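Biologist: I am new to reading protein models, and I would like to learn how to look at one feature at a time. Could we go through an example together, slowly?

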Amino acid sequence: MNTGLLLLRLAVGLLIAGHGVQKVSFHLGGNGLAGGTEEFRHDGFRGGRLTALVAGASQIGAGLFLTAGLLTPLAAMAAMGVMTVAGTVKLSKGLWVQNDGYEYPLVLVVVSAALALTGPGRWSADHALGISSWPLWISLAVIVAGPVSGLLTRVVLHRPAPALEGTPRARTAD
């Protein structure tokens, strides 16, 4: 079991961290912070550079903490949050990844939730620090808080789609 948890943490944690590295640098096929900023703007998010920087840093931090098995429930919560946002971007394209759907972000959310529930295993920083056994209520709280934080991020930072020509616009107070 410990070997399986280590393998799972290494694969998922490094993939999430790598995804963040791509957002803020030219490493691992990334387009630098300017490219990450443009990606968020293209996806309809406010904040541009700051949004890309925070998202990338969150993914890098969550991924490395999951990889190390350090503060595993909190790392899982952060991973679930950022990957929930990624999933909302792909929601309109359906489930399957071959159609640019949300399959991959969903798998990372579910695996992060499973790690929050199981703990990181014996070969982890949490175990070395004597904190590998987290109370169930903490795991359940982070499983809810992670995706909810991602959905709140989406609501706060996402711009409404522009009105199409020829369609009536709602009046807004100036």
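Biologist: How many Å² does the accessible surface of the chain come to, and what percentage of that surface belongs to carbon and sulfur atoms?

Modeller: Before the number, a word on the source: this is a predicted model, in which local features need pLDDT of at least 70 and side-chain atom pairs count only at pLDDT 80 or more, while totals for chains, interfaces and linings use all residues. Residues are numbered from 1 along each chain as its sequence is written, and side-chain values use heavy atoms, with hydrogens and water left out. Accessible areas come from the Shrake-Rupley method with a 1.4 Å probe, and for residues only the protein chains shown count as cover. Here the accessible surface of the chain comes to about 10,100 Å², and 69% of it belongs to carbon and sulfur atoms.

Biologist: What secondary structure does the chain have?

Modeller: Helices (H or I, at least four residues) and strands (E, at least two) are DSSP runs, numbered from the N terminus. This chain has seven helices and zero strands, and its C-alpha atoms fill a box of roughly 60 × 35 × 30 Å, taken along the principal axes.

Biologist: What percentage of the residues are buried, and why does H42 count as exposed?

Modeller: A residue is called buried under 20% relative accessible area, exposed over 50%, and partly exposed in between, again with a 1.4 Å probe and protein chains only. Of the 174 residues in the chain, 37% are buried. H42, which lies in helix 2, counts as exposed because its relative accessibility is 65%.

Biologist: Which salt bridges does a search of the whole structure find?

Modeller: A salt bridge is a side-chain nitrogen of Lys or Arg within 4 Å of a carboxyl oxygen of Asp or Glu, and the search finds three of them. In one, the side chains of E39 and K23 meet at 3.7 Å, N to O; this pair links distant parts of the chain, with E39 in helix 2 and K23 in helix 1, 16 residues apart. E39 is partly exposed at 37% relative accessible area, whereas K23 is buried at 7%.

Biologist: Which residues are linked in a network of salt bridges?

Modeller: The network links K90, K93 and D100. D100 meets K90 at 2.6 Å, N to O; because D100 lies in the loop between helix 4 and helix 5 and K90 in helix 4, the pair ties together parts that are 10 residues apart in sequence. D100 also meets K93, at 2.9 Å, N to O, and K93 is partly exposed at 41% relative accessibility.

Biologist: How much space lies in the largest pocket, and which residues lie nearest its centre?

Modeller: On a 1 Å grid over the protein atoms alone, a pocket is an open set of points where a 1.4 Å probe fits, with protein on both sides within 12 Å along at least five of seven lines, and lining residues have an atom within 4 Å of a point. Grid points are joined across faces, edges and corners, and a volume is the space filled by probe spheres set on the points. The largest pocket holds about 820 Å³, and of its 41 lining residues, K23, E39, F40, V85 and A86 lie nearest the centre. Helix 4 gives the largest share of this lining, nine residues.
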